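The sequence and model go in first, and my entries follow.

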Amino acid sequence: MRRAGLGEGGSGNYVASGYSVYEEENEHLQEGLRAKVSALKSLTIDIGTEVKYQNKMLEDMDSDFDSTGGLLGATIGRVKQLSRGSQTKLLCYMLLFCFFVFFVLYWFIKLR
């Protein structure tokens, strides 16, 4: 007794050709899957690169804010020192100058 697809004859060729169709379909699906995996790999590499860049930018911003905070603290200390003395006119002029600068900046930004 012969098994189907192993011997020579009409039914064996049919089974063998059906097998090759399935194998071709599997290879085609395998190539599609391979392409999708490589696309996902490149996407994850791009995401990792972007995350590293964003983290570096955040660290730079953090150090900038720290230095600005130190500068602002020193400036406020000087203003407090001026307010302790009898130089109230100078303090008043300085506050008016600050308001003027903020007004000019506000006006300049509004015109844009």
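Entry 1, salt bridges. I count a salt bridge when a side-chain nitrogen of Lys or Arg lies within 4 Å of a carboxyl oxygen of Asp or Glu. Side chains of opposite charge can pair when their charged atoms come close. I am working on a predicted model, where local features need pLDDT of at least 70 and side-chain atom pairs count only at pLDDT 80 or more, while totals for chains, interfaces and linings use all residues. Residues are numbered from 1 along each chain as its sequence is written, and side-chain values use heavy atoms, with hydrogens and water left out. By the salt-bridge rule I get a count of two.

I looked up the partner of Arg-34 and found Glu-31, with the closest N and O atoms 2.5 Å apart. Both residues lie in helix H1, which spans residues 10–84, and they are three residues apart, about one turn of the helix. I take helices as DSSP runs of H or I with at least four residues, and strands as runs of E with at least two, numbered from the N terminus. For exposure I use relative accessible area: buried is under 20%, exposed is over 50%, and partly exposed is in between, with a 1.4 Å probe and protein chains only. Arg-34 is partly exposed at 45%, and Glu-31 is partly exposed at 45%.

Lys-56 forms a salt bridge with Asp-60, and the closest N and O atoms are 3.4 Å apart. I find both in helix H1, four residues apart, again about one turn of the helix. Lys-56 is exposed, at 53%, whereas Asp-60 is partly exposed, at 37%.

I searched for disulfides (a pair of cysteine sulfur atoms within 2.5 Å) and found zero. I also noted the exposure of Cys-92, which is partly exposed at 43%, and of Cys-98, which is partly exposed at 34%.

The unreviewed UniProt entry gives "transmembrane region" for residues 90–109. Such annotations may be inferred rather than shown by experiment. In the model, residues 90–109 are 100% helix and 0% strand, and the end C-alpha atoms are 29 Å apart.

I find two helices and zero strands. Of the 112 residues in the chain, 2% are buried. The accessible surface (Shrake-Rupley method, 1.4 Å probe) comes to about 10,800 Å², and 65% of it belongs to carbon and sulfur atoms.
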